[in-house]
Amino acid sequence: MNNDEERYLNLLSHTFPTIADAAGEIINLEAILNLPKGTEHFLADLHGEHEAFIHVLKNASGNIKRKVSEIFGNSIRETEKKELCTLIYYPEQKLELIKAIEQDIDDWYHITIHQLVKVCREVSSKYTRSKVRKSLPEEFSYIIEELLHERSDDQDKAAYVAVIVDTIISTGRADDFITAICNVIHRLAIDQLHILGDIYDRGPGAHIILDTLRQYHAWDIQWGNHDMLWMGACAGNDACICNVLRLSLRYANLATLEEGYGINLVPLATFALETYGDDPCTEFIPKLLKEATMDEKTLQLTAKMHKAISVIQFKQEASIFHRRTEWNMEDRCLLEAIDYEKHTCTIDGKAYEMKSCNFPTIDPAHPSEMTKEETILMQKLHHSFRVSEKLRKHIRTILSHGCMYNICNQNLLFHASIPLNSDGTLKDVEILGKQYAGKELMSYIGQLVRAAFQNDSPADLKQYAKDYFLYLWCGKDSPLFDKSKMATFERYFLNDRDTYKEEKGNYFKLRDSEEICDRILDAFGVNGTNRHIINGHVPVHASKGENPIKAGGKLMVIDGGFSEAYHSETGIAGYTLVYHSRGFQLVQHEPFTSAQDAIMRGTDIKSTTQIVEMSTHRMLVADTDKGEELRHQIADLKNLLYAYRHGIIKEKRN
């Protein structure tokens, strides 16, 4: 045993000071290895749809409803199962409704508490008592643990269990207890949650999703392009700030900005009215979802604000593209390609007619320069984003729980793509004069993103990192974009729809190939016979028969369109990929009405399950990354036992 090993074992001995302690932990860890693996849930592209997301967490993508059906079978009516499920999902709200109509509330409490204990016992059955105990709320920990491990059908314990329930009710704690045990069911139904990017954009509640995740027990995120845009805005990239505002105005979704983060939009509204007061801004009328309404005055104001920030965005982007010439994106400085007299824009040597050419803030001689008024406005918007404490808190959460990719239990997770050459080999991407590809590229981008938020980053690196958020949003070789261009300007201003085309990168062209997927998995060091790539970003057109399972099962694309804006495109309202001890299941969701509708009428998200891949044996903790970690811990503890027994290290007895 060398000095380093002995030093490590001495440190370990402080946690396990005796032979009995070390041996006891070995026994515990060996037992855990033989438990069924925990259930992992994979979700992608939430796009601010907080009510649907929270409901999917509460019903565990339909798993709780299935367990209730299995547990109670024909012993209770379907309406009672439905009521029980709704109570589990929304305990506080449902209790208020029930108490208003239930004539014998104590009897209802008795029946319901016993039912909830049965459900909780079922979802906790694959975990150790220690893990379940850690999931219990402190005030009811002892009571729930007793009820979970004592059966009322045991004659010797029936009275004991009955007295516990009676006392919960008689002391007026029934509501609190029911709420607590429902929350325990939520927590135990999903062991690990993976978010494959794009919490932000379109939907009204990205901030609510992040508030929920901040309290969630175990989750990670692989950053998406829309997350990166908000991260850039938080870091102070003015082009990202403009893009965030433009997209929010495009979909008339100001709730996240104003209510969530307190961003002051009054200066933008004032500037837009003063500058574009006589402009109908037809191309900038916001896209309203089917249930949304907006009066004409607000619609016109939103359109003017939309145009105002779009023009500033093109100027801010041009400033960065000219500063970072190595990105080769100066061809996207399209304000400089306009003939302001002929009302045409020249792209790749061809002149295209413009829909409109009213640009009161543009000097044709210096089209990308900001006016004094635009500069003052941008300073105010920049300040508003930078001082939003809640935004900073949420971005810190995204940084601490995520990165560009993750490898978990033989699955490679990332949001969008891995840049490839046309022959399927990993593409070298230059950053700060160095070439990176595959795993190295994704890892370095993760470091670069964090450098933008670190006070100890060198000034030039920090500035580059702040600029690079824009490249990650719309750069040709960005793993979060991977297209020939982002045709925002063309869609707003040009009549020729051919100019709107954004050619996808080679990853999207080649990802149906098992060979290509294997090559990527090899490059990231993902081993095993049942390894997969899991990502989102590109909506799966399920209504047109597109299969989310590609490359012979090696690739799973789980962007099913959570956002209402995508429902007509995908034909569904999102996917959850569930990985439990029996294998993979893909759960396809139909649109969610609302939490209020679920509480009042017991509506649930209708979900259908597709078996993707079933294991030949029930997978155990021993088959997972956690199992590998536990085996290393067991080996270390066995070395500690050896050191104790051979006098190399002395036991630390009191």
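View 1. The axes of helix 13 (residues 225–235) and helix 14 (residues 238–250) come within 7 Å and cross at roughly 125°. Axes are lines fitted to C-alpha atoms, for helices over the stretch in contact, with angles from 0 to 180 degrees between N-to-C directions. Helices are DSSP runs (H or I, at least four residues) numbered from the N terminus.

**View 2. Residues of helix 13 and helix 14 make the contact.** Helix 13 contributes His-226, Leu-229, Trp-230, Gly-232 and Ala-233, and helix 14 contributes Cys-240, Ile-241, Asn-243, Val-244, Leu-247 and Ser-248. Contact means heavy atoms within 4.5 Å.

**View 3. Cys-333 is in no disulfide.** A disulfide is a pair of cysteine sulfur atoms within 2.5 Å, and by this rule the count comes to 0. For Cys-333, the nearest cysteine sulfur is that of Cys-474, 10 Å away. Cys-333 is buried, at a relative accessible area of 6%; buried means under 20%, exposed over 50% and partly exposed in between (1.4 Å probe, protein chains only).

**View 4. Cys-517 is also buried, with a relative accessible area of 1%.** Its sulfur is 19 Å from the closest cysteine sulfur, in Cys-408, which is too far for a bond.

Residues are numbered from 1 along each chain as its sequence is written. In this predicted model, local features need pLDDT of at least 70, side-chain atom pairs count only at pLDDT 80 or more, totals for chains, interfaces and linings use all residues, and side-chain values use heavy atoms, leaving out hydrogens and water.

Conventions. Helix = DSSP H or I, 4+ residues; strand = E, 2+ residues; numbered from the N terminus.
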